[in-house]
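Trainee: I have not looked at this structure before. Please take me through it in short questions and answers.

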Amino acid sequence: MSYPGYPPAGGYPPAAPGSSPWGGAAYPPSNPPPIGLENVSGYANQFNPSQMAGMAANLAGTFGGNAPQGMYPSTPGGYPPVPPGGFGQPPPGQQPSYGGYPPSGMPAYPGYPGQPAPPPGQQPMNYPGQPPAAYPGQQPMPNYPPGPAVNPSIPSYSGTTGPAVSPVTHGNRGTITDAPGFDPLKDAEVLRKAMKGLGTDEQAIIDCLGSRSNKQRQQIMLSFKTAYGKDLIKDLKSELSGNFEKTILAMMKTPVMFDAYEIKEAIKGVGTDENCLIEILASRSNEHIQELNRVYKAEFKKTLEEAIKSDTSGHFQRLLVSLSQGNRDESTTVDMSLVQRDVQELYAAGENRLGTDESKFNAILCARSRAHLRAVFSEYQRMCNRDIEKSICREMSGDLEKGMLAVAFWIVQLLSVSRTHQLFLQRDYRKL
């Protein structure tokens, strides 16, 4: 088979001197070194004779060597002579490409000089890690932030460990914050002037102490004793009376000291204010409760646990003793396998049996982390079709019921601050 214009009429011009691979001036060389084509005859019966004849002639003409004569049939018209430099060389004046780069069919990198524009209607190609290429004359695409991920109400975790849950922070729940431009020595002088001489300026005391945070009030007490050598608390007791005195003295206590005295009042005398014990021990942090234990022992020469045991009994006593240890797990990661196990144990301890295993509720609600318990309550409602609060109300009663509900409430914390305050004033833990 021949192509138009090939081979050229009159054959190829002789090769330039020195262009031969073996240094000769003539092409092809008169006596090139053999390359082992004589051995091809041994495989003649395994291949198509017509194809092998053409292959052997081409190789012999290019690299040298003699093809076996008479082995292959001759091609009509003969084979064309080899072009200068051998087959595969670029035409004269064209720069050769080495290593096959860029590969055939692959476009050049975007922005490279001389890159051809893509055909009409075809998207320009870009490589991994590079921004998308734009069409010629098109404005570049801005980098928009990725959209938010889908957040289902109850995520399913593929592994045994769930995502980290941020710890709950209450922020400023009160209306009094740190006063700007605070000067404790100046406030001490205002209080001294309000209590000096005959009568007392109660309004000056309200304006001063009522607009200072608890931390600032502690600094005022220290500055008062530093400036006047007197105890501010004793002066307030001598100048005030009634509920106003109780309120001002309570404001001057630290939160831990206030809780210690409230617990002391709750268990003093005949009867016990169980609601006060529940409210304090169910809602305070580990750090707060541990400090409360130290302050209570220092103030009243008796441990907090001993005080609780002296005035309570049964499973309610066990609940308060557990809470008074201040040893709740504070990790923020959730192990979903442990969550499912706790849900099954709570269900088996209450809804799925005759009677109630209060100890199992106590062990889980008093020891597990807040993040873990929030996941337990959510999974409990999904699996049992009943929320944990309703199960507690069905399985328990009295002070134990109120205590368990208070623990569950402070774990979930779904109510608004104003509604929470109202229900605590009513001591209505069923509505919590």
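Trainee: Is H288 buried or exposed?
Mentor: This model is predicted, so read each value as computed from it. H288 is found in helix α9, residues 286-300. Its relative accessibility is 16%, and the cut-off for buried is under 20%. H288 therefore counts as buried.

Trainee: Which residues does H288 touch, leaving out those up to four places away in sequence?
Mentor: H288 belongs to α9. Beyond its neighbours in sequence, the residues it touches are P255, V256 and D259.

Trainee: Which helices do the buried residues of α8 pack against?
Mentor: Start with the helix itself, residues 274-283. Eight of its ten residues are buried, so α8 is largely enclosed by the rest of the structure. Those buried residues include N275, C276, L277 and I278. They pack against α7 (255-267), α9, α10, α11 (314-324), α14 and α16 (398-412).

Trainee: Is F377 buried or exposed?
Mentor: F377 lies in helix α14, residues 370-384. Its relative accessibility is 6%, and buried means under 20%. F377 therefore counts as buried.

Trainee: Which residues does F377 touch, not counting those up to four places away in sequence?
Mentor: Take V343 for a sense of distance along the chain: F377 and V343 are 34 residues apart in sequence. Their C-alpha atoms are 7.9 Å apart in space. The contacts of F377 are with I388, A408, I411 and V412.

Trainee: How are α15 and α16 oriented to each other, roughly parallel or roughly antiparallel?
Mentor: Two packed helices are described by the angle between their axes and the distance between the axes. For α15 and α16 the angle is about 175°, with the axes 9 Å apart. Angles over 145 degrees count as roughly antiparallel. The two helices are therefore roughly antiparallel.

Trainee: Which classes of residue make the contact of α15 with α16, and how many of each?
Mentor: From α15 come E389, I392 and C393. From α16 come E401, M404, L405, A408 and V412. By class, that gives six nonpolar, no polar and two charged residues.

Trainee: What is the C-alpha separation of C393 and M404?
Mentor: C393 lies in helix α15. C393 is partly exposed, with a relative accessible area of 25%. C393 and M404 are eleven residues apart along the chain. Their C-alpha atoms are separated by 9.1 Å.

Trainee: How are α2 and α3 oriented, roughly parallel or roughly antiparallel?
Mentor: Helix α2 covers residues 184-195 and helix α3 covers residues 202-209. They pack at about 160°, with their axes 9 Å apart. The cut-off for roughly antiparallel is over 145 degrees. So α2 and α3 are roughly antiparallel.

Trainee: How many residues of each class form the contact of α2 with α3?
Mentor: α2 brings D187, L191, A194 and M195. α3 brings A204, I205, C208 and L209. They divide into seven nonpolar, no polar and one charged.

Trainee: What is the phi of K301?
Mentor: Most residues other than glycine have a negative phi. K301 lies in the loop between α9 and α10 (304-311). K301 is exposed, with a relative accessible area of 68%. Its phi is positive, near 55°.

Trainee: What is the phi of N385?
Mentor: N385 lies in the loop between α14 and α15 (388-395). At 72% relative accessibility, N385 counts as exposed. Its phi is also a positive value in a residue other than glycine, near 60°.

Trainee: How many helices and strands does the chain have?
Mentor: The chain has 432 residues, of which 31% count as buried. Among contacts between residues at least 6 apart in sequence, 65% join residues at least 24 apart. The secondary structure comes to 17 helices and two strands.

Trainee: What share of the residues score at least 70 in pLDDT?
Mentor: The chain averages a pLDDT of 75. Over residues 20-26 the pLDDT is below 50. It also stays under 50 over residues 146-171, where the model has 30 contacts beyond four places in sequence. The share scoring at least 70 is 55%.

Note on methods:
Residues numbered from 1 in each chain as written. Predicted model: local features only at pLDDT ≥ 70, side-chain atom pairs only at ≥ 80, totals over all residues. Heavy atoms only, no water. pLDDT = per-residue confidence, 0-100. Contact = heavy atoms within 4.5 Å. Axes fitted to C-alpha atoms, helices over the stretch in contact; angles between N-to-C directions. Helix = DSSP H or I, 4+ residues; strand = E, 2+ residues; numbered from the N terminus. Parallel < 35°, antiparallel > 145°, perpendicular 65-115°, else oblique. Nonpolar A, V, L, I, M, F, W, Y, C, P; charged D, E, K, R; others polar. Buried < 20%, exposed > 50% of the residue type's maximum accessible area, 1.4 Å probe, protein only.
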